[in-house]
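Have the sequence and the 3D view ready.

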Amino acid sequence: MRTSLWTVIVVVAAWIGFLLGYAASSHTGMKGRGAEAPAAVEAPAAGYGR
């Protein structure tokens, strides 16, 4: 095979790998290093739904 074809195959494989990795991290909800969970929000003492 020609070198240009191998280059295209490598670029496409890398792009598909990037997209799959991005989709997997989005699907599992993983956060980056050092990311903290948001603080819990307490409900007010009175209001709707009580």
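## The overall picture

Helices (H or I, at least four residues) and strands (E, at least two) are DSSP runs, numbered from the N terminus. By that rule, the chain has one helix and zero strands. Val8, for instance, sits in helix α1, which covers residues 3-28.

Keep in mind that this is a predicted model: local features need pLDDT of at least 70, side-chain atom pairs count only at pLDDT 80 or more, and totals for chains, interfaces and linings use all residues. Residues are numbered from 1 along each chain as its sequence is written, and side-chain values use heavy atoms, with hydrogens and water left out.

## What's on the surface

How much of the chain is buried (under 20% relative accessible area; exposed is over 50%, partly exposed in between, with a 1.4 Å probe and protein chains only)? Buried residues make up 0% of the 50 residues. The chain exposes about 5100 Å² (Shrake-Rupley method, 1.4 Å probe; for residues, only the protein chains shown count as cover). Carbon and sulfur atoms supply 66% of that area.

## The aromatic rings

Rings of Phe, Tyr and Trp (its six-membered ring) pair if their centres lie within 6.5 Å; planes under 30 degrees apart count as stacked, over 60 as edge-to-face and the rest as tilted. The whole structure holds two aromatic pairs. In one of them, the ring centres of Phe18 and Tyr22 are 6.2 Å apart and the planes meet at 25°, so this pair is stacked. Phe18 and Tyr22 are four residues apart in helix α1, so about one helical turn separates them.

Phe18 is partly exposed at 48%, while Tyr22 is exposed at 57%. Ring pairs also join Trp15, Phe18 and Tyr22 into a cluster.
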